[in-house]
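Subject: A structure to look through

Dear colleague,

Here is the structure that I promised to hand over, and I would be glad if you could read the notes below with the model open beside them.

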Amino acid sequence: MAAPQRIEADYLIETAFDPRRAAEAMAGEQSSGTFVAIPGETPELKERSAARIEALEEIGTVEAPSLPGAGRPKDDAAAIRRARVTLSWPIDNIGPSLPNLLATVAGNLFELKQFSGLRLLDIRLPAVFAARYPGPRFGISGTRRLAGVAEGPLIGTIVKPSVGFGAQETANLVRLLCTAGIDFIKDDELQSDGPHCPFDTRVDAVMRVINDHADRTGKKVMFAFNLTGELDEMRRRHDHVLERGGTCVMASLNSVGLVGMIELGRFSALPIHAHRNGWGYLSRAPMLGWSYVAWQKIWRLAGADHMHVNGLANKFSEADDSVIASARACLTPMFDDRPCIAMPVFSSGQSAKQAPGTFAALGTADLIFAAGGGIMAHPDGPAAGVASLREAWDAAMTDVPLADYARDHTALARALETYAA
Ligand SMILES: O=C(O)[C@H](O)COP(=O)(O)O
Ligand SMILES: [Mg+2]
């Protein structure tokens, strides 16, 4: 897996024009060219700075354009063709800069008239990027160490109701979950620092419970406090969590943006739990936007330790094979000497029933399995919800079918009845 010398990006394109001509327009627009030839773009300059087409493979035709507004060639009967294209750029165009990488590989090309579909599938970066950015400081091993979970998944939850609890009500729920043996708890992304549940007050109340539980049992439950905000706010909130003995902070990636995440990555002395809310607008249309395989690399390099990947049979619209491809991507090294592995977080409509499928598909338990409704709505209460997830994972990892294991594990049996649909 040698890092390339040039920046490389793979795309899926759809066009009514000749795909090579369209890809040339895309390469030109994203490097030295524009819509007409310009005198300054000499052969020497192009040699130095132009993006190149490294590969182009046509993969078929479609009846109708996927996106509105695309142009058509004069021959209006021309087929609409799809192709996979790899472009490359010299690193000297931008240097190892993540914000400028974004403008280069995922900038103006999505709206070029030549295309009725354009999706970024993957990126590969020269090793200078690994030297410039921190990458995850904690990753799997650091998270396991801080959470005191040597093997198996981190069984986790999201505070639910997502908003509405005050600090003390949140702490009361945390006490119950700690007693039930949970490993990981997070704020919902909708909860940050509103007047009804101020960040500092929540941290103080929750950490009193977590520290007290740790003093008595030796187990410090990891709580990801959502510090999403402006840069100074995030730094101040981070310091408050650290002072109170907290072991994780959370940020909404699309809210803090790339620069926010880079700054947080450089600053943070705690693992960063990266929430991907908003992902749908980047990915839901199959012929537009980003593949998670490409997108997650940017955030890992910026410093994300945990990356949300949705979950099997989730409440959203993503198919299971895409969820597993995303989780595998987070576990795939980015550079030989800087793997930047992030721990995948399965979350969204998860409950005991998805444990075997998740373990079988991923082949590892190096993950956080977070169930909000899947724990809170257990008919015998959240403690039984936690037990049901633990039992489901024990069954999955010892290759016992859930229904068999449920015969003498009541919490699991009741969960399977409840979350059957
Ligand atoms: O922030 C999250 O991960 C979601 O709110 C998950 O909630 P759920 O487990 O109830 O779907
Ligand atoms: Mg949520």
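This is a predicted model: local features need pLDDT of at least 70, side-chain atom pairs count only at pLDDT 80 or more; totals for chains, interfaces and linings use all residues.

Residues are numbered from 1 along each chain as its sequence is written, chains are lettered from A and ligands numbered from 1 in the order in which they are written, and side-chain values use heavy atoms, with hydrogens and water left out.

The protein chain is divided into domain 1 (6-132) and domain 2 (139-418), with bounds that come from an automatic or database domain assignment. Helices (H or I, at least four residues) and strands (E, at least two) are DSSP runs numbered from the N terminus, and two strands are said to pair if DSSP finds at least two bridges between them. In general, strands of a sheet pair through backbone hydrogen bonds, either parallel or antiparallel.

The open sheet comes first. Five strands form it in the order β2-β3-β1-β4-β10, with mixed pairing, and its edge strands, each of which pairs on one side only, are β2 (52-62) and β10 (288-290). From one strand to the next the twist averages 15°, where axes are lines fitted to C-alpha atoms (for helices over the stretch in contact) and angles run from 0 to 180 degrees between N-to-C directions. Within this sheet, β1 (residues 7-15) and β4 (residues 115-124) are antiparallel and share eight bridges, and D10 has D122 in β4 as its bridge partner. Helix α3 (residues 98-105) lies across β1, β3 (80-89), β4 and β10, at about 30° to β1, whereas helix α11 (residues 292-302) touches β4 and β10, its direction making about 50° with that of β4; contact here means heavy atoms within 4.5 Å.

Next, the barrel. Eight strands close into it in the order β5-β6-β7-β8-β9-β11-β12-β13, with parallel pairing, and the twist averages 25° from one strand to the next. As an example of the pairing, three bridges join β5 (residues 154-158) to β6 (residues 184-186), and G156 stands opposite F184 in β6.

Of the area that domain 1 buries against domain 2, L98, R119 and A130 supply 32%, more than any other three residues. The rule finds one salt bridge across the interface, a salt bridge being a side-chain nitrogen of Lys or Arg within 4 Å of a carboxyl oxygen of Asp or Glu. The side chains of K297 and D122 meet in a salt bridge, at 2.8 Å from N to O.

The peptide bond from K160 to P161 is cis, with omega near 0°, and P161 is found in the loop between β5 and α6 (167-179). N310, although not a glycine, has a positive phi of about 75°, and N310 lies in the loop between β11 (306-308) and α12 (320-330).

Note on methods
Buried area is the accessible area (1.4 Å probe) that two parts lose on being put together, summed over both.
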